[in-house]
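Me: I have a structure open and would like to go through it with you. Can we start with the terms?

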2 protein chains.
Amino acid sequence: MDTSLTLCVDGGGSGSRGRLVDPNGIAIAEAAGGPCNPTTDLAAAVAAISELWLQTAGQAAIDPAETGPHRLAIGAAGLVIPEVRDAFADALPAFASTTIVTDGYAALIGAGGGRPCCLIAMGTGAVGHKLMADGRSLQRDGWSWIGGDRGSGAWIGRHAIEHALLARDGLREAGELAAVVNQAIGESEAAALAFLSKLTPGRLAALAPLVAAASHAGDQAAIDIHEHASAHGAALVRALNPAPGEPLYLTGGLSDVLGGRIETYIGRRFDKAQGDVLNGCFLIASGQAPAEVRVIL
Amino acid sequence: MDTSLTLCVDGGGSGSRGRLVDPNGIAIAEAAGGPCNPTTDLAAAVAAISELWLQTAGQAAIDPAETGPHRLAIGAAGLVIPEVRDAFADALPAFASTTIVTDGYAALIGAGGGRPCCLIAMGTGAVGHKLMADGRSLQRDGWSWIGGDRGSGAWIGRHAIEHALLARDGLREAGELAAVVNQAIGESEAAALAFLSKLTPGRLAALAPLVAAASHAGDQAAIDIHEHASAHGAALVRALNPAPGEPLYLTGGLSDVLGGRIETYIGRRFDKAQGDVLNGCFLIASGQAPAEVRVIL
């Protein structure tokens, strides 16, 4: 009888979640930990995994030094670059098996239970994943915030700033959206330049709720930004080319705001996901879903 | 008789130029130095000024320790924030007078000889300046590369990347521009993600020549980006609201590529500038042009 446990980890740039599950996939412990993006900070990512193991092993009353019989399954951001993935694997504690996949692939497997499907995630970034019948997967967008992540929170925030600055320069009528974004940027020239010099994807995405509020209040510029973002979401679905009837999932913080508009553009509804990144990690580590094989088509 | 010399400095983020001029504005020494952006590196900016003084004083055979009788006039990037300007002034060697203005204002004065005029600069960034009859000046755009600098080299580079990534995701036909930009980004997914994670305004603007070449070769996407950038340049002129007959100047590395299109949009020609940033510095320091008084209108 298999008595091994699996520590499943959802690793992200701002924090991580861990869940210890039994061979049937039943959760027996949960924990939250620090940032886990091996590309930006390998040591912190490894430390986060160790901390999640210590916490969940403690809750399950097993000796944390005894990693040998147990499995580790990680879905984490920033793992496309092979050298980073290898260095991360080498630095982790030794478990019976260690499965490392991108967080996007784990989300794809979790959503569809390991069967062919498509998933788009619209959050701070924007990315689409497709699992094909032969077990290979492909990604569309997810190209990061400067020239990619079309329609994402960072993209929405940048377009809100563009609009606010056009209004500031007298080239657009200043409505509700321009007013609230210019207030966030800072009214003085010096404050604005200081704010604009420190923009990150996260800070841009933090402006997205201002766009949602202005859109709700009827500001045409905000409505246009949402329409444009939704059209990008629909194009991302199109780039995945789902077969008729193939499951299609939507995740991410913008799901509520953009989901309905995207559905209108694509002429179908999104399906309800079966599970999340942690469920995907377990299915892959336990052989119930294919290992990650990324292809470029 | 005034025998004082003036060290005029054009300070930029990647390097600086200095010119020592006599009371009639005649150059008696020239030198090039290191980066001079007090916002990003105050110590380096001060060191660059000291080095320019050492070099030009040496060429003019005057004692560099004798700064007392002479004038210093600096037009530099990143000087809008008052605290930065004050700290920079305090850290400089003691001259008979020290005049510090933004590089944009010095360019405006240099171009128009101190008389009311408008100037737009289209380079890595995009900014417009206007000198009014009462001596006050205003700036339009120059809001930096994430949500501003519309039509600039960084803006053109970002739009080229957006187009190339859409082609990569199968959402645009891949023509000449997409091919050369995707080659620059890196063909593999890992190489592309690494390239895209290190983008700066300078790296984006370095892609602008690829757009110019593709536009010249007839690539429609490149032509569209140039048209859009030129429309932004024309809007920047409109934001300055030049009076009929008021001099209007264009500077920056994109002048040759976009100047003709912008002239078509605005229905007039750009005038030939009388001088540059260094000429502007001298005119301001010698009282032949107004001190910088920035206003927000």
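Reply: Buried means under 20% relative accessible area, exposed over 50%, and partly exposed in between (1.4 Å probe, protein chains only). This is a predicted model, where local features need pLDDT of at least 70, side-chain atom pairs count only at pLDDT 80 or more, and totals for chains, interfaces and linings use all residues. Residues are numbered from 1 along each chain as its sequence is written, chains are lettered from A and ligands numbered from 1 in the order in which they are written, and side-chain values use heavy atoms, with hydrogens and water left out.

Me: Ok, W53(A) and F95(A): buried or exposed?

Reply: Both W53(A) and F95(A) are buried.

Me: And over in chain B, why is the pair W53(B) and F95(B) edge-to-face?

Reply: The ring centres of W53(B) and F95(B) are 5.0 Å apart and the planes stand at 80°, so the pair is edge-to-face. Rings of Phe, Tyr and Trp (its six-membered ring) pair if their centres lie within 6.5 Å; planes under 30 degrees apart count as stacked, over 60 as edge-to-face and the rest as tilted.

Me: Where do W53(B) and F95(B) lie?

Reply: W53(B) is in helix α1 (residues 42-59) of chain B and F95(B) is in the loop between α2 (82-91) and β5 (97-102) of chain B, so the pair ties together parts 42 residues apart in sequence. Helices (H or I, at least four residues) and strands (E, at least two) are DSSP runs, numbered from the N terminus.

Me: New topic. What is the strand order in the chain B sheet?

Reply: The open sheet of chain B has 5 strands in the order β3-β2-β1-β4-β5, with mixed pairing. Two strands pair if DSSP finds at least two bridges between them.

Me: Which are the edge strands?

Reply: β3 (27-33) and β5 of chain B, each pairing on one side only.
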